[in-house]
Amino acid sequence: MSETRAIIPGTFDPVTSGHVDIIERTRSLYDEIVVAVALSPEKGGGTTFTLDERVRLLERATEKLSGVEIRPFDTLLVDFAREVGARVIVKGLRAVSDFEREFQMAQLNHGLEDDIETMFIMAIPDYAYLSSSAVKEIARHGGPVEGLVPEAVRTAVVERLHPGR
Ligand code: PNS
């Protein structure tokens, strides 16, 4: 498995500017990045955007970056990491409130596959409280989401959650 390839997993419903920042910063450390888009969120329930839509929005958001591939997956993350030849899982970490869930996932993944490491990149202050849910909440009430998501995503979010605006 490659030391130069990292995998960045998530639901990305939809991708935010915070995600893009983590992808760019990870790309500056690794030659190849696989952004792994999970079919369904961890806690079940539905997503606002289909898997195909989430993949396409990520493709548009990262189109200027070389060495970044967007791939859907519906297996254990460690199995998918192995399939794409990545030994490193990279996740963004925002406020302290993220820590417990991320720590748990990292422990579980380590228990499943101990030669795959999880590494964390801290969110920059601008994005420390930004989440896909917050973006959707703002958009649903007709608030501005400029800057919180890439432009292509902004259009898609407004069309889906606040049509006619
Ligand atoms: O965007 P999220 O909610 O942080 O993403 C969570 C995700 C998709 C990374 C996580 O749910 C996941 O890895 N799912 C794949 C199934 C799996 O491997 N579960 C065991 C480890 S938690």
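**Exercise 1: Glu102 and its partners**

Glu102 and Lys91 form a salt bridge in which the closest N and O atoms are 3.4 Å apart. The pair connects distant parts of the chain, with Glu102 in helix α4 (residues 99-112) and Lys91 in strand β4 (residues 86-93), eleven residues apart. The model is predicted: local features need pLDDT of at least 70, side-chain atom pairs count only at pLDDT 80 or more, and totals for chains, interfaces and linings use all residues. Residues are numbered from 1 along each chain as its sequence is written, and side-chain values use heavy atoms, with hydrogens and water left out.

*Task.* Determine whether Glu102 is buried or exposed.

*Solution.* 
1. A salt bridge requires a side-chain nitrogen of Lys or Arg within 4 Å of a carboxyl oxygen of Asp or Glu.
2. Buried means under 20% relative accessible area, exposed over 50%, and partly exposed in between (1.4 Å probe, protein chains only).
3. Glu102 has a relative accessible area of 5%, so Glu102 is buried.
4. Lys91, at 15%, is likewise classed as buried.
5. Glu102 also forms a salt bridge with Arg101, at 3.8 Å between the closest N and O atoms; Arg101 is partly exposed at 38%.

**Exercise 2: Arg56 and Glu59**

*Task.* Explain why Arg56 and Glu59 are separated by about one helical turn.

*Solution.* 
1. Helices (H or I, at least four residues) and strands (E, at least two) are DSSP runs, numbered from the N terminus.
2. Arg56 and Glu59 are about one helical turn apart because they lie three residues apart in helix α2 (residues 51-61).
3. Their salt bridge has its closest N and O atoms 3.8 Å apart.
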